[in-house]
Amino acid sequence: LVLTPEASTRPLTSSQHRLTLALASLLVAGLVVATLVRHGWGKPESPTLEIAPEVTITTNAQGLQGAVRMDGKEIIPHRFEYVSQISHRFFLVRVATEDGVTSPRFGVWSIEGQQVLEPRYSGVDHVARHQRFRVSLGAEAPKFGYLDENGREVVPIVYDVLERISNTGEEPTNLIRLGERYGYMDIRTGEPLIDPVYESIQVSQGMVDAQGRGILLARHHGKWGVIDTRGRALTEFRFDELEQLNHETLRGRQADQVETIMFRGDKLLP
C-alpha cells in the first residue's frame, strides 16, 4: 500500500481506525515484553552455588602432612602425622607420636583453616547429619561424649558406651552405658531420655522411628519388660526372656508361659 500526500490527508474510516489502534497496541506490548526480558523477566533464577575451594593434602620434606588450597594458601599447617578429609567442611588430623605416648591423638580442622578440636582425643567421628563429633578419651578403657561443630561439649565425655541404634546411624539417639547400667541419650541436646539405671537395654531400628522414638526392651532386677523411649514402663518387669520377632511383634516368656506382645510406635496394642 502506497499513500500519496492527498490520500494521507483523508480522514480514516472506522475500520482503518480500529486497525491502527490494534497495531499500536501490539507495538506497545512488544516494547514492554522486550524491556521485561532484558531485565530478566521470564527467566528462572540462577541458583546460588556455594562451592568450597578445592583442597589438597600434601606432605612436606620432613614427612609431615597439611593441606593447601588450589590458590596455594595453606589452610592446615604441615605439622601432622596424618590428615584426612572426613566431610565437606572438616579434616581429621593426628599429631606426630611423641616419646612415651603410645595412643594416637586426633583433632579436627575446618576447611576455612580453623582448628575446631585440639588434637587430644583417642578417637573422633563426625556425625554430619546432627552436626556432632563423637569423641573418646583414653586408650584401654576409653570414655565417650559428644561435641558440637564449634568444639563445645554437648554430652560429657564420661560414658563407657555411646552407640548408635542402627547401621545407618540416622537417629539422633544413642544407647548409653555408665558403669554397669544402661540408658538412652539424645545427642542433639545432651539430655538423657532414660537415665542409666537398667542392667541391659535392647533396641533396634525396627523398634524406633527416624527420630529414635518408640520402644525399648529393658532388664531390671533380673527381669525383662517393655518401656518407651521416654522411660515409661509399658509392661511389668516380669519376663525371663523377651525378644523382637518383627517390626510390630514381641515374644516374652515367663516360666512356662509364652506371650505375644503387639506394638505400634511407642504404644502396645490390645
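The following legends describe close-up views of a predicted protein model.

The model is predicted, so local features are reported only at pLDDT of at least 70 and side-chain atom pairs only at pLDDT 80 or more, while totals for chains, interfaces and linings use all residues. Residues are numbered from 1 along each chain as its sequence is written, and side-chain values use heavy atoms, with hydrogens and water left out.

**Figure 1. The protein chain contains 2 helices and 21 strands.** Helices (H or I, at least four residues) and strands (E, at least two) are DSSP runs, numbered from the N terminus. Of the 270 residues in the protein chain, 35% are buried; buried means under 20% relative accessible area, exposed means over 50%, and partly exposed lies in between (1.4 Å probe, protein chains only). The protein chain exposes about 16800 Å², of which carbon and sulfur atoms supply 51%. These areas come from the Shrake-Rupley method with a 1.4 Å probe, and for residues only the protein chains shown count as cover. Among contacts (heavy atoms within 4.5 Å) in the protein chain with a separation of 6 or more, 23% are between residues 24 or more positions apart.

**Figure 2. An open sheet is formed by 6 strands in the order 1-2-3-4-5-6, with antiparallel pairing.** Strand 1 (55-59) and strand 6 (115-121) stand at the edges; each has a single partner strand, so one side of each lacks a neighbour in the sheet. From one strand to the next, the twist averages 40°; axes are lines fitted to C-alpha atoms, for helices over the stretch in contact, and angles run from 0 to 180 degrees between N-to-C directions. Two strands count as paired if DSSP finds at least two bridges between them. In general, strands of a sheet pair through backbone hydrogen bonds, either parallel or antiparallel. Strand 5 (residues 106-110) and strand 6 run antiparallel and are joined by 3 bridges. Valine 108 has leucine 117 of strand 6 opposite it.

**Figure 3. Valine 93 is located in strand 4 (residues 90-95).** Valine 93 has a relative accessible area of 0% and is therefore buried. Its contacts, not counting residues up to four places away in sequence, are Ile76, Phe80, Tyr82, Val83, Arg105, Phe106, Gly107, Val108 and Trp109. Valine 93 and glycine 107 are 14 residues apart along the chain, and their C-alpha atoms are separated by 5.2 Å.

**Figure 4. Threonine 173 belongs to strand 12 (residues 173-178).** Threonine 173 counts as buried because its relative accessibility is 2%. The side chains of threonine 173 and tyrosine 184 are joined by a polar contact of 3.0 Å. A polar contact is a pair of N or O atoms within 3.5 Å; within protein, one must be able to donate a hydrogen and the other to accept it, and residues adjacent in sequence count only if both atoms are side-chain atoms. Not counting residues up to four places away in sequence, threonine 173 touches several residues, including Arg164, Ile165, Leu193 and Gln211.

**Figure 5. Strand 12 and strand 13 (residues 181-186) run antiparallel and are joined by 6 bridges.** Across this pairing, asparagine 174 stands opposite methionine 185 in strand 13. The hairpin of strand 12 and strand 13 has 2 residues between the strands, and glycine 179 there takes a positive phi near 70°. Strand 13 is also joined to strand 14 (residues 191-198) by 4 bridges, and these two strands run antiparallel. Tyrosine 184 has isoleucine 194 as its bridge partner in strand 14. In the hairpin of strand 13 and strand 14, with 4 residues between the strands, glycine 190 takes a positive phi near 80°.

**Figure 6. Arginine 230 and aspartate 266 form a salt bridge, with their closest N and O atoms 3.0 Å apart.** This pair links distant parts of the chain, 36 residues apart: arginine 230 lies in the loop between strand 17 (223-228) and strand 18 (241-246), and aspartate 266 in the loop between strand 20 (257-264) and strand 21 (267-268). A salt bridge is a side-chain nitrogen of Lys or Arg within 4 Å of a carboxyl oxygen of Asp or Glu. Aspartate 266 is partly exposed because its relative accessible area is 21%. A network of salt bridges links Asp228, Arg230, Arg232, Asp266 and Lys267. The whole structure holds 20 salt bridges.

**Figure 7. The side chains of arginine 152 and aspartate 148 meet in a salt bridge of 3.2 Å, N to O.** Arginine 152 has a relative accessible area of 51% and is therefore exposed, whereas aspartate 148, at 11%, is buried.
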